[in-house]
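Visitor: Can you walk me through this one? I'd like to go piece by piece.

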Amino acid sequence: MVTRARVLNTAYELFSRRSIRDVGVNELIETSGVAKSTFYRHFPSKDDLVKAVLALQHEVWFEEIVAQAQRRSDTPEEELLVIFDVFADRLGSGGYKSNMLVRVLMEMGPDHPLGVASVEYLARIRGHARVLAEDGGLERCDLFARAWHLLLKGSIISAMEGDREAAELAKQMATSLIERHRRSVL
């Protein structure tokens, strides 16, 4: 399992800095320090590795970002906003490189199997926002979740461009969005 984790972490780092297509299997093998046969035992293809990296990104979302937002908030509405603070914290520390789900979707497209996987994981994040909206008593929760998710993805792309204040601006916009859906003035 240690070898698998080393390959996954290496792939995540390389894919985050460059792109899926720009990083070859031989580079992944060399950089992670595993034998070719070991690599292929864990990941029969590069697409299998990318799918595993996407799953890891999704786990990080729920185990780190959402968990931290839950600890720092008292209500579902607060959690919807604190998620942007968690991103802002990551940006401030220089620890945020890219979001693999967004990167793979943009690079591979929504019809490629890896793009399909990205879309599915992103839909789960949007679903989490919808549940929080429902738990918070907001109106038109599906529409709210779509709009909130647009703000989140926009802040991610802006952060990838180097905008360290993107998450804070998105949070301000999300505050207005919550208010609008609280009053049902649509």
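Predicted model: local features only at pLDDT ≥ 70, side-chain atom pairs only at ≥ 80, totals over all residues.

Visitor: Start with helix 6. Is it mostly covered or exposed?

Guide: Mostly covered: 7 of the 9 residues of helix 6 are buried. Buried means under 20% relative accessible area, exposed over 50%, and partly exposed in between, with a 1.4 Å probe and protein chains only. Helices (H or I, at least four residues) and strands (E, at least two) are DSSP runs, numbered from the N terminus.

Visitor: Which residues of helix 6 are buried?

Guide: Met 100, Leu 101, Val 102, Arg 103, Val 104, Glu 107 and Met 108.

Visitor: And what do they pack against?

Guide: Helix 1, helix 4, helix 7 and helix 8. Contact here means heavy atoms within 4.5 Å.

Visitor: Take helix 7. At what angle do helix 6 and helix 7 pack?

Guide: About 140°, with the axes 8 Å apart. Helix 6 covers residues 100–108 and helix 7 covers residues 113–135. Axes are lines fitted to C-alpha atoms, for helices over the stretch in contact, and angles run from 0 to 180 degrees between N-to-C directions.

Visitor: Left-handed or right-handed crossing?

Guide: Helix 6 passes helix 7 in a left-handed crossing. That term applies if the near helix is turned anticlockwise from the far one by less than a right angle; clockwise makes it right-handed.

Visitor: Which residues meet there?

Guide: Helix 6 brings Leu 101, Val 102, Val 104, Leu 105 and Met 108. Helix 7 brings Leu 114, Gly 115, Ser 118, Val 119, Tyr 121, Leu 122 and Ile 125. By class, this contact of helix 6 with helix 7 has 10 nonpolar, 2 polar and no charged residues. Ala, Val, Leu, Ile, Met, Phe, Trp, Tyr, Cys and Pro count as nonpolar, Asp, Glu, Lys and Arg as charged, and the others, Gly among them, as polar.

Visitor: How do helix 4 and helix 6 pack?

Guide: At an angle of about 140°, with their axes 9 Å apart. Val 50, Val 53, Leu 54 and Gln 57 of helix 4 touch Met 100, Leu 101 and Val 104 of helix 6. The contact of helix 4 with helix 6 has 6 nonpolar, 1 polar and no charged residues.

Visitor: What follows helix 6?

Guide: Gly 109, with a positive phi near 90°.

Visitor: New topic, the largest nonpolar core. How many residues?

Guide: There are 55. Such a core is a set of buried Ala, Val, Leu, Ile, Met, Phe, Trp, Tyr and Cys residues joined through side-chain atoms within 4.5 Å. Phe 15, Phe 39, Leu 49, Trp 61, Trp 148 and Leu 152 touch the most other members. Helix 4 gives the largest share, 9 residues.

Visitor: What does Phe 39 touch?

Guide: Val 7, Val 25, Leu 28, Ile 29, Val 34 and Leu 49, not counting residues up to four places away in sequence.

Visitor: Ile 20 next. Buried or exposed?

Guide: Ile 20 is buried, because its relative accessible area is 3%. Ile 20 lies in the loop between helix 1 and helix 2. Leaving aside neighbours within four places in sequence, Ile 20 contacts Phe 15, Lys 46, Val 50, Met 100, Val 104 and Glu 107.

Visitor: Why does Glu 77 count as buried?

Guide: Because its relative accessibility is 19%. Glu 77 is in helix 5. The side chain of Glu 77 makes a polar contact with the side chain of Arg 182 (2.5 Å). A polar contact is a pair of N or O atoms within 3.5 Å; within protein, one must be able to donate a hydrogen and the other to accept it, and residues adjacent in sequence count only if both atoms are side-chain atoms.

Visitor: What about His 149: which side chain does its side chain contact?

Guide: That of Arg 126, a polar contact at 3.2 Å. His 149 is in helix 8 and is buried, with a relative accessible area of 1%.

Visitor: Last one. What is the phi of Arg 140?

Guide: Positive, about 50°, although Arg 140 is not a glycine. Arg 140 sits in the loop between helix 7 and helix 8 and is partly exposed, at 49% relative accessible area.

Key:
Residues numbered from 1 in each chain as written. Heavy atoms only, no water.
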